[in-house]
Amino acid sequence: RRDWRTAVSGDSSSRCLIFHGDFLTCASLPGECHVAVGNLPYRISTPIVLKLLSQWPPLRRVVIMVQAEYARRLLARPGGAKYGRLAVLTALTCSRRELAFPGAGLVPPEAFNPPPREVVSLTPRREALQHRGQLVAVGALDRLCRPLLDETRGNARGLTLEASLAALQEELGLSEGWREALANVGGGVGGRLPSSLDPEEYLAIAGELLAAGCSLGVSPFEFEQVSDLS
């Protein structure tokens, strides 16, 4: 804390806000914040990243120092061993995702102390997520993807998307018409493995389910917030 106070003294102090406390408990960042830079603790990296990407107005850029394994999860592609909800959510909420390693001309390693092994730069999108006019909250996508991609164990790993959703019907608040909603997505998504679906397909699935009256665990307050973004 003392090091930061010294670093941003003088002219820099008017352009830098130091937040003291538990970031995960704050409602949102002040509107004048445009760029977030930080060294993230591994165990709570995902909640912090999702909170940063859920800010409105969206941040112009997020630059984070992370472990190499976490960087691979952020940038993973469908079907890969590291592909999960984190990759889906960042792909949908960011217009750019890239490693800002030495030599890339983005962020020099000496900007951090100690110098990191991996620095990831994220550029959040300026518009709210939606599918065919249906607004989709980041929280809804998170609750849909978490059990499908990050919490599958044993035999559940071999289940198709439709079979997985059938087992999660109560947990996700799926309405009676959820199977029809799934069919509306097209591409035979119901018969495919969750790990094979790309981020845009997950957005379409969430949008169709929400339009069919499925809650996906989204509270009225969250829906009101995302409605304000349109």
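Among the buried ones are V138, L141, D142, C145 and L149. This is a predicted model, where local features need pLDDT of at least 70, side-chain atom pairs count only at pLDDT 80 or more, and totals for chains, interfaces and linings use all residues. Residues are numbered from 1 along each chain as its sequence is written, and side-chain values use heavy atoms, leaving out hydrogens and water.

Stay on α5 (residues 138-150) and centre on L144: a kink of about 25 degrees lies there, shortly before the proline P147. The bend is the angle between axes fitted to the seven residues ending at a residue and the seven starting there.

Next, select 35-39 and 94-99, which are β1 and β3, the edge strands, each pairing on one side only. They belong to an open sheet of four strands in the order β1-β2-β4-β3, with mixed pairing; strands pair if DSSP finds at least two bridges between them. Five bridges join β1 to β2 (residues 61-66), and these two run parallel. Zoom in on N39 to find M65 of β2 opposite.

Contact here means heavy atoms within 4.5 Å.

Finish with α4 (residues 85-93) and α8 (residues 199-211), whose axes come within 9 Å and cross at roughly 85 degrees. Show V88, A91 and L92 of α4 where they meet P199, E200, Y202 and L203 of α8.

Note on methods
Buried means under 20% relative accessible area, exposed over 50%, partly exposed in between (1.4 Å probe, protein chains only). Axes are lines fitted to C-alpha atoms, for helices over the stretch in contact, and angles run from 0 to 180 degrees between N-to-C directions.
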